[in-house]
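Subject: Structure handover

Hello,

Here is the structure you will be working with. Please open it next to this email and follow the residue numbers as you read.

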Amino acid sequence: MHMSHLRPLAALTTLLFAMTACVARGPQEGGAPRPAPKLVTEIYVSPEAPSEEFDSLATWQHPDGTTWLIATAKSSHRLVIFDADTGEHLREVGGKGTAPGQFMRPNGIAVLGNRLFVAERDNRRVQGFSLPDFRLLGSFGQAELRSPYGLWLNPADRDSIDVYVTDNFMEGPRYEVVPPLEQLDQRVRRYRLRFDATGALVAEALGSFGDTGEATALRIVESLAGDARRRTLLIADEDTRRESTLREYRQNGSATGRSVPQASFEAEAEGVALWACGRTRGYWVAVDQLQALTVFRLFDRTSLAARGSFTGATVAATDGISLRTASTRRFPNGALFAVHRDKSVAAFDLRDIVSALKLDRSCL
């Protein structure tokens, strides 16, 4: 295996940082220049796999101590599993089709305990699997979902899980036209899952939500994440024809009216993850999907104020991310994993991010 280990020489790192710092940045809210992002070098970038078209990521720790990084692959219609510590390719699961256990354009992916869930855009469903055997537990959403993308899971009680699914249905011959405002109250759908004595899932549809105001509607949605303690969600709206941003909702589906600061993103707001530090502190991490170098933007967990940004030396055009605070063999204080140009996966050490951005050290 030939890995792209990215610990460059000091001179090269300095040059890259200087080049990044010199890039012109648009104004933030209030007209002040946007601070240039810091440079945080990737620990690895995996070899390219151009035929896969990776989209979203999730992690899971195997009983043998290995941590899996699981990626959805849209063009090959399967899941690809990597060693999260090294980026080594381990195996694939699934393939193209409509049968149980097969996939059609898998997008969102999420893990809770030993259960894995995958949203499929073209099969219009979410499938659940047990880990590590990928035994199918069932599927749901076929009656309601039209174009599912992002997933967030939240334990509702000891025996059930609430699942939030973004539904990015569009109109027009190329499916690029945002539906009328009155239909955008269906942008996020919620389900409650329970499991019978055999482990099979039983799903109950709990309705949909989304603001329909001209200035606040969720027009183009894929990524979302939640804060279980604060009972909030942060939902990315990718519509750059207006302003791509992150909007805050309560978990009951009502909009709080808050979003991250105006003009926080230069390109599309993509993958979102919560970096929780104790009960109340921490950061939201989101992708600014720039083609030259992805900018990872951080916002305060509670106030949503900007708390800094960084780029890697290589990672660009990122879709999904996965932030893991639990230790692994290579990352004792956790890691941020990101997709690179749909072809590779990459990892950043959370210690490097804390150091570069001078973040709260209680997050380690």
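Below are notes on the core, the aromatic rings and some of the strands.

This is a predicted model, in which local features need pLDDT of at least 70 and side-chain atom pairs count only at pLDDT 80 or more, while totals for chains, interfaces and linings use all residues. Residues are numbered from 1 along each chain as its sequence is written, and side-chain values use heavy atoms, with hydrogens and water left out.

The core

In soluble globular proteins, nonpolar side chains tend to be buried together. A nonpolar core here is a set of buried Ala, Val, Leu, Ile, Met, Phe, Trp, Tyr and Cys residues joined through side-chain atoms within 4.5 Å. Buried means under 20% relative accessible area, exposed over 50%, and partly exposed in between (1.4 Å probe, protein chains only). The largest nonpolar core has 25 residues, and Trp275, Phe296, Phe310, Leu336 and Ile353 touch the most other members. Elements giving two or more residues to this core include β20 (269-277), β25 (335-340), β26 (344-349) and α2 (350-357). The largest share, 5 residues, comes from α2. Helices (H or I, at least four residues) and strands (E, at least two) are DSSP runs, numbered from the N terminus.

Contact means heavy atoms within 4.5 Å. Leaving aside residues up to four places away in sequence, Trp275 touches a list of residues, among them Arg281, Tyr283, Leu323, Ile353 and Cys363.

Aromatic rings

Rings of Phe, Tyr and Trp (its six-membered ring) pair if their centres lie within 6.5 Å; planes under 30 degrees apart count as stacked, over 60 as edge-to-face and the rest as tilted. The count by this rule comes to 14 aromatic pairs. In one of them, Tyr164 and Phe209 are edge-to-face, at 6.3 Å centre to centre with 70° between the planes. This pair links distant parts of the chain, with Tyr164 in β13 (residues 160-167) and Phe209 in β15 (residues 201-209), 45 residues apart. Tyr164 is buried, with a relative accessible area of 1%, and Phe209 is buried with 8%. Another pair is Phe331 and Phe337: the centres are 6.1 Å apart and the planes at 90°, so it is edge-to-face. Both Phe331 and Phe337 are buried. Trp152, Tyr164, Phe209 and Tyr249 form one aromatic cluster.

A charge sits over a ring if NZ of Lys or CZ of Arg is within 6 Å of the ring centre and within 35 degrees of the ring normal. Arg115 lies over the face of Phe195, at 3.6 Å from the ring centre. Arg330 lies over the face of Phe331, at 5.1 Å.

Strands

Two strands pair if DSSP finds at least two bridges between them. β25 pairs in the antiparallel sense with β24 over 4 bridges and with β26 over 6 bridges. Ile321 has Ala338 in β25 as its bridge partner, and Phe337 has Ala347 in β26. In β25, 6 of 6 residues are buried. Ala335, Phe337 and Val339 are on one side of β25, with Leu336, Ala338 and His340 on the other.

Elsewhere, 4 strands form an open antiparallel sheet in the order β8-β9-β10-β11. β8 (106-112) and β11 (135-140) stand at the edges with a single partner strand each, so one side of each has no neighbour in the sheet. β8 and β9 (residues 115-120) run antiparallel and are joined by 5 bridges; Ile109 has Val118 in β9 as its bridge partner.

Regards
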